[in-house]
Amino acid sequence: MLYNDDSSLELVASMLLENKVGVIPADTIYGFSARANEITAGRIYEIKERPRNKSFIMLCGKDWLRQSRFIIPEELYDLWPCPLSAIVADREGHTQAVRVPQDKYILSLVRLTGPLWSTSCNISSMPSLTSYDEITAAFAGKADFFVRKRKESTKALPSTLIDCTSRPFRIIRQGAFDCSCLI
């Protein structure tokens, strides 16, 4: 069994680098995670039965974001890492939701693999599954691997999602982060 600690870090990173899709706990809830590329996005869309016009959150580090093509409001850097996902745009107007997670395991993976997709563990339009046992039962044979939390939380919430493509910022989904300081 893989756990979200140093014992599995290298193995999980190597599987992600092979474009495998796994279930990994983040600082919020369990999510389908994979390297952020078109190959893995296609696999996640299939697993979730999700419409392809709905994108995923990209988990990344602050340094990567500062060098990326995305236009990030400076005040977000003061808040991250935290369970706050932000829809941002690049210079061509393409949008992407991004987050710098608090979870040290996920941040370590991101340093080893580059940005990761993250999306809740569920079939599209169904409630998110939040327990390891529910998720493994529902997605055994679909996800390539599963990483279990060492300490399960009963009050897991998804990240708060805000739209930062215009001002004032707009809350899309209220979740684990109180973003009243931004709105």
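I87 stands opposite D163 in β10. Both belong to strands, which here are DSSP runs of E with at least two residues, numbered from the N terminus. This is a predicted model: local features need pLDDT of at least 70, side-chain atom pairs count only at pLDDT 80 or more, and totals for chains, interfaces and linings use all residues. Residues are numbered from 1 along each chain as its sequence is written, and side-chain values use heavy atoms, with hydrogens and water left out.

**Strand β6 and its burial**

- Strand β6 covers residues 84-90.
- Seven of its seven residues are buried, so β6 is largely enclosed by the rest of the structure.
- Buried means under 20% relative accessible area; exposed means over 50%, with partly exposed in between (1.4 Å probe, protein chains only).
- L84, A86, V88 and D90 point one way from β6. S85, I87 and A89 point the other way. Both sets are buried.

**Partners of β6**

- Two strands pair if DSSP finds at least two bridges between them.
- Strand β10 (residues 160-163) pairs with β6 in the parallel sense, over four bridges.
- Strand β7 (residues 95-99) pairs with β6 in the antiparallel sense, also over four bridges. Here A89 has T95 as its bridge partner.
- Strand β5 (residues 70-71) runs antiparallel to β6, and two bridges join them. F70 stands opposite D90 in this pairing.
- The hairpin of β6 and β7 has four residues between the strands. Within this hairpin, G93 takes a positive phi near 95 degrees.

**T113 in helix α5**

- T113 is found in helix α5, which spans residues 104-113. Helices are DSSP runs of H or I with at least four residues.
- T113 is buried, with a relative accessible area of 9%.
- Leaving aside residues up to four places away in sequence, T113 touches A13, L16, L17 and R35. Contact means heavy atoms within 4.5 Å.

**Cysteines**

- The structure holds zero disulfides. A disulfide is a pair of cysteine sulfur atoms within 2.5 Å.
- For C60, the closest cysteine sulfur is in C82, 12 Å away, which is too far for a bond. C60 counts as buried, at 0% relative accessibility.
- For C121, the closest cysteine sulfur is in C60, 19 Å away, again too far for a bond. C121 is buried, with a relative accessible area of 0%.
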